[in-house]
Structures are given as C-alpha cells and as structure tokens.
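Q: Please show me how to read a few features of this model, starting with contacts.

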Amino acid sequence: MVTTPEAIARNAQNPDAIVEAGELTDWRFPMGDQMSLRAAKVFHLLIQAAGVRITDDTEHQIAYSELNEVFHLTIPQLEVVIDELHSTILKLKLTRDDGTGYIKSGPILSDAERDTEASSRAELRYTLSPTIRRAIADSKHWAVISKRAVLAFQSKYALRLYTLISLRVGLRKTSEIFLLDDLKQILGIPSDKYPRFGN
C-alpha cells in the first residue's frame, strides 16, 4: 500500500498536483469555526510547497509571488490569512497501528515568519504543526487535487466539497452517508445555520 508521503513524492514533478492526506481532506472544524476561502486556498498552496519534506519538523518557504498567482494579497491581508491559519483548530480522525481510532486536534501552523515588504525575493517561511505532520506521516489514503481548480473556486464550501469528492474518487467510493452535524463540521458551517439537510 502506498503511503501519502510516497504519493507526494510520485507527484512532485506535476506543478498542478496537490497531494493531501485523506485525514486532512476529511478534517472537522469545531462547531461554529470555519476557514475563509482565501485562507483555505493559501493552506493548499502551503501543503504543496512543503513537498516531500512535509512530515519533517522543518521550516518551509513559499514566495509571495506564488501566493499571489491568482489572488493578490497585500502585506496586511497576508498577515490576516497567516493569523487565521495560526488560530484555526483542526480535529482529525486518525487510526493507530492496532486499528483503534482517535481524534487529534491542533492548529495548522506552529510557526510563521514573513517579510514585511513586498519584493521579488519576499517570502513566507512556515512550520506545519505536529498535528498535521503526524496525520500525513501515518496516512495511507490521499486525494490528488488540482491547484488550478483550487485557485478558481469562488466559494469556501464548494472548495471543501471538491476536496471531499476528490478523496472519495481516489478511494473508488460510490456512496457514503453523512450525518448532518458531521457534514456541517467538515464544511465549517456554524451549528445554528442550515438546520435541515435540504438547506
């Protein structure tokens, strides 16, 4: 069975491929929390930029020019996005080697620093949290998503649905049942919004 880190290495030469651990694709937001569309797009770009060293406890870099490939962030806007990634708590459903499940929670980023002036050499340097690194290192299922598609989405909910469906396509799942509250946590929909599935 191919692990997620191995799948990342296999797709390293494809600039459009973002390989994400299934556990990240299926993450749950604590009820009421959510992530903005801009932060979600930056998150996917950071995952891709980390590449084959994604599970290492190391600092990664991404150029401002790459972050601004589609959406143009000013320095203050980038700071807001980074603060959001620092403060967003993920709840990941993981499985131990013995098959027992558990939930691990933590932030997306454990550390970040960014240049204060936009220039051709300006970059963001970041370290992924132990929660994310552990999930990826132990993962044996993943989604390969298109960077072009990620950057084209205009709705944070549509982007989340795209990643959920991409994972299930790779797993060859043809159907799945979601409880309403669970689906709302996956999409980051506040608990008091959309009380019926039909909404």
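Q: Which residues is H60 in contact with, leaving aside its neighbours within four places in sequence?
A: Contact means heavy atoms within 4.5 Å. By that rule H60 touches A50, R53, I54, L124, R125, Y126 and L128, with neighbours within four places in sequence left aside. The model is predicted: local features need pLDDT of at least 70, side-chain atom pairs count only at pLDDT 80 or more, and totals for chains, interfaces and linings use all residues. Residues are numbered from 1 along each chain as its sequence is written, and side-chain values use heavy atoms, with hydrogens and water left out.

Q: Is H60 buried or exposed?
A: Buried means under 20% relative accessible area, exposed over 50%, partly exposed in between (1.4 Å probe, protein chains only). H60 has 4% relative accessibility, so H60 counts as buried.

Q: How many aromatic pairs are there?
A: Rings of Phe, Tyr and Trp (its six-membered ring) pair if their centres lie within 6.5 Å; planes under 30 degrees apart are stacked, over 60 edge-to-face, and the rest tilted. The count here is two aromatic pairs. W27 and F43 are edge-to-face, with 5.0 Å centre to centre and 85 degrees between the planes. Both W27 and F43 are buried. For F153 and Y162 the ring centres are 5.3 Å apart and the planes at 40 degrees, so this pair is tilted.

Q: Which charged end sits over the ring of W27?
A: A charge sits over a ring if NZ of Lys or CZ of Arg is within 6 Å of the ring centre and within 35 degrees of the ring normal. Here the charged end of R160 does so, 4.7 Å from the centre of the W27 ring.
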